[in-house]
Amino acid sequence: MKVSEELNISANQFFDHILSTIQYELKEYEKKSVDKEHIRQGITYKKDIKTKMNQVDHVTVEITKLVAPTEYEATFDSSQGKTVMNYSIEIVDDTHCIVDYEESFIGKDTANRLNHKLMSVFYGGKSKKRIHYLLKAIEEHILKGE
């Protein structure tokens, strides 16, 4: 699944928001306080996420790419398989950027891969809308200075 959105914020502002989110999750789930400057590729932490079927899954998150301010990629390893989430940020000017969000899934076995393909048919449009609203909410949050 891929979603592209032009935002009325700079690439640096968007990337700083990503770092703030990682910082929050490290404090919330790992009880570690980490400065943004110390967040690096290769960091891993565990957290609980809600699945599309409203179940809780325990995942290990690994930051697999972190190139300020143009790319962030993380892998979420769960009992079902791995989800790779990537944000590519294109600098338009000082107050605009284009964010390409891409998500892919690699199932642990054939049943998980087939189940994901089937569920993607039902939830694909809903997932794209969710990402569109997420990106717009980040933009609004930053513009309000929160």
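This is a predicted model: local features need pLDDT of at least 70, side-chain atom pairs count only at pLDDT 80 or more; totals for chains, interfaces and linings use all residues.

Author: Helices (H or I, at least four residues) and strands (E, at least two) are DSSP runs, numbered from the N terminus. Residues are numbered from 1 along each chain as its sequence is written, and side-chain values use heavy atoms, with hydrogens and water left out.

Let us turn to the rings themselves. There are three aromatic pairs in the structure, where rings of Phe, Tyr and Trp (its six-membered ring) pair if their centres lie within 6.5 Å, and planes under 30 degrees apart count as stacked, over 60 as edge-to-face and the rest as tilted. One of these pairs joins Tyr-72 and Tyr-87, whose ring centres are 6.2 Å apart and whose planes meet at 25°, so this pair is stacked. Because Tyr-72 belongs to strand 4 (residues 71-77) and Tyr-87 to strand 5, the pair ties together parts that are 15 residues apart in sequence. Tyr-72 counts as buried, since its relative accessibility is 5%, and Tyr-87, at 7%, counts as buried too; here buried means under 20% relative accessible area, exposed over 50%, and partly exposed in between (1.4 Å probe, protein chains only).

Tyr-87 also takes part in a pair with Tyr-101, and this one is edge-to-face, with 5.1 Å from centre to centre and 65° between the planes. The pair links distant parts of the chain, for Tyr-87 sits in strand 5 and Tyr-101 in strand 6 (residues 96-107), 14 residues apart. Tyr-101 has a relative accessibility of 2% and therefore counts as buried. Taken as a group, Tyr-72, Tyr-87 and Tyr-101 form one aromatic cluster together with Phe-14.

Of the 146 residues in the chain, 34% are buried. Strand 5 (residues 81-93) also holds Glu-90, and Glu-90 is partly exposed, because its relative accessible area is 44%. Strand 6 includes Gly-107, which counts as buried because its relative accessibility is 8%. The C-alpha atom of Gly-107 is 6.4 Å from that of Lys-82, although the two residues are 25 apart along the chain.

Most peptide bonds are trans, and most residues other than glycine have a negative phi. Ala-68 and Pro-69, however, are joined by a cis peptide bond with an omega of about -15°, and Pro-69 lies in the loop that runs between strand 3 (56-67) and strand 4. Lys-31, which is not a glycine, has a positive phi of about 60°. Lys-31 is found in the loop between helix 1 (11-30) and strand 2 (44-50), and it is exposed, because its relative accessible area is 67%.
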